[in-house]
Amino acid sequence: MDVKAAQRLHLSPVVRPDMIGRRPSCCSFGMSRPFVSAKLSLRMRRRTTTVEVSCSYNVPASTLESGSVRTPLDEELILKNKSQEIQPNLNGRCIYLVGMMGSGKTTVGKIMSQVLGYSFCDSDALVEEEVGGNSVADIFKSHGEPFFRNKETEVLCKLSQMHRLVISTGGGAVTRPINWKYMHKGVSVWLDVPVEALAQRIAAVGTNSRPLLHYEAGDPYKRAFMRLSAIFEERGDAYANANARVSLKNIAMKLGKRDVSELSPTDIAIEALEQIDYFLKGEGGFYAEC
């Protein structure tokens with residue numbers, strides 16, 4: 001099934017850096033094109049808008065003086081060249097971005113989908129669509145986490161039948177082995193962000209949309225850091241199942257940044273494409289249709 005089956009994707013025309021870090025029998029539909037006509041209405045359409053990639057960020061004066069900083073034009077060219085390099089081996093398969101809450105999967109995913117000519121979707125948003133438009137936080141509150149996880153698995157099952165999508169997954173999607181079965185029909189990429197940076201991002205925007213954090217009392221940063229540390233302890237090994245890992249610490253070191261907070265979403269998207277390229281070359285470019 002190709003991307004023509006996804007006709008109603010909703011995509012914001014502007015990617016904003018501040019947006020960073022926001023055993024069902026689902027395959028038995030009895031229809032030739034189940035994903036289009038089933039209850040899950042993806043509201044996916046081919047993008048007709050252009051994603052505006054913001055590359056402005058603070059750069060240390062020492063880096064500017066050394067000449068090692070990349071300009072927005074450099075980044076655009078690198079993105080384009082890398083996307084063209086990996087497309088033959090990618091062969092239209094979907095890309096699944098996994099990582100902790102607040103890791104930037106949505107922002108980076110939109111940049112990647114734009115440069116690859118793919119469509120973008122968010123699995124959490126599709127679950128919300130399935131449950132009458134209720135937010136993830138409301139679903140957790142009204143139905144409980146197991147209900148949400150079942151719906152999430154249904155969504156990933158259906159997405160695994162498609163092609164040419166960049167998919168931002170929920171932070172806990174990696175905890176179910178069945179989800180990996182579906183995600184490994186495409187290429188999975190782990191955005192590995194230090195817990196301290198995640199806590200800073202989430203504390204800055206609030207925890208109202210984060211059901212696993214919202215009910216903890218105390219200083220926003222401290223409570224986010226403590227809870228995120230515990231969650232990462234539980235999920236770290238699961239994230240490592242991804243086909244490719246994008247370490248923000250490694251990117252910062254490579255680009256001479258003092259901290260991962262100085263990285264732009266485009267920096268991260270470039271590294272994601274590079275890591276996908278390494279994976280594809282390592283498997284010899286082989287892709288078995290599933």
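This is a predicted model: local features need pLDDT of at least 70, side-chain atom pairs count only at pLDDT 80 or more; totals for chains, interfaces and linings use all residues.

Trainee: Which strands does helix 11 lie across, and at what angle does it run to strand 5?

Mentor: Helix 11 (residues 248–255) lies across strand 4 (187–192) and strand 5, and its direction makes about 55° with strand 5.

Trainee: What is the strand order in the sheet, and what kind of pairing does it have?

Mentor: The sheet is open, has 5 strands in the order 2-3-1-4-5, and its pairing is parallel.

Trainee: Why are strand 2 and strand 5 said to stand at the edges?

Mentor: Strand 2 (119–122) and strand 5 (244–247) each have a single partner strand, so one side of each has no neighbour in the sheet. From one strand to the next, the twist averages 20°.

Trainee: What makes helix 5 and helix 7 roughly perpendicular?

Mentor: Their axes cross at roughly 110° and come within 9 Å. The label covers 65 to 115 degrees, and helix 5 and helix 7 (residues 145–159) are therefore roughly perpendicular to each other. Their crossing is right-handed. On the helix 5 side, the contact includes Leu126 and Val127, and on the helix 7 side it includes Phe148 and Leu156. By class, the residues of this contact are 6 nonpolar, 1 polar and 6 charged.

Trainee: Why is helix 9 called oblique to helix 10?

Mentor: Helix 9 (residues 195–205) and helix 10 (residues 220–239) pack at about 135°, their axes 8 Å apart. Roughly perpendicular stops at 115 and roughly antiparallel needs over 145, so helix 9 is oblique to helix 10. Helix 9 passes helix 10 in a right-handed crossing. Among the residues that make the contact are Leu198 and Ile202 of helix 9, and Phe225 and Leu228 of helix 10. The class count there is 11 nonpolar, 2 polar and 1 charged.

Trainee: And what makes helix 3 roughly perpendicular to helix 4?

Mentor: The packing angle of helix 3 and helix 4 (residues 105–116) is about 75°, and the axes are 9 Å apart. With a range of 65 to 115 degrees for the label, helix 3 is roughly perpendicular to helix 4. In helix 3, Leu79 and Ile86 are among the residues that meet Ile111, Val115 and Leu116 in helix 4. This contact counts 6 nonpolar, 2 polar and 1 charged residues.

Trainee: How do you know that Glu85 and Lys281 form a salt bridge?

Mentor: The cut-off is 4 Å from a side-chain nitrogen of Lys or Arg to a carboxyl oxygen of Asp or Glu. Glu85 and Lys281 meet at 3.1 Å, N to O, so they qualify. Glu85 sits in helix 3 (residues 72–90) and Lys281 in helix 12 (residues 265–282), so the pair ties together parts 196 residues apart in sequence. The structure holds 12 salt bridges.

Terms used:
Residues are numbered from 1 along each chain as its sequence is written. Side-chain values use heavy atoms; hydrogens and water are left out. Two strands pair if DSSP finds at least two bridges between them. Helices (H or I, at least four residues) and strands (E, at least two) are DSSP runs, numbered from the N terminus. Axes are lines fitted to C-alpha atoms, for helices over the stretch in contact, and angles run from 0 to 180 degrees between N-to-C directions. Contact means heavy atoms within 4.5 Å. Angles under 35 degrees count as roughly parallel, over 145 as roughly antiparallel, 65 to 115 as roughly perpendicular and the rest as oblique. A crossing is left-handed if the near helix is turned anticlockwise from the far one by less than a right angle, and right-handed if clockwise. Ala, Val, Leu, Ile, Met, Phe, Trp, Tyr, Cys and Pro count as nonpolar, Asp, Glu, Lys and Arg as charged, and the others, Gly among them, as polar.
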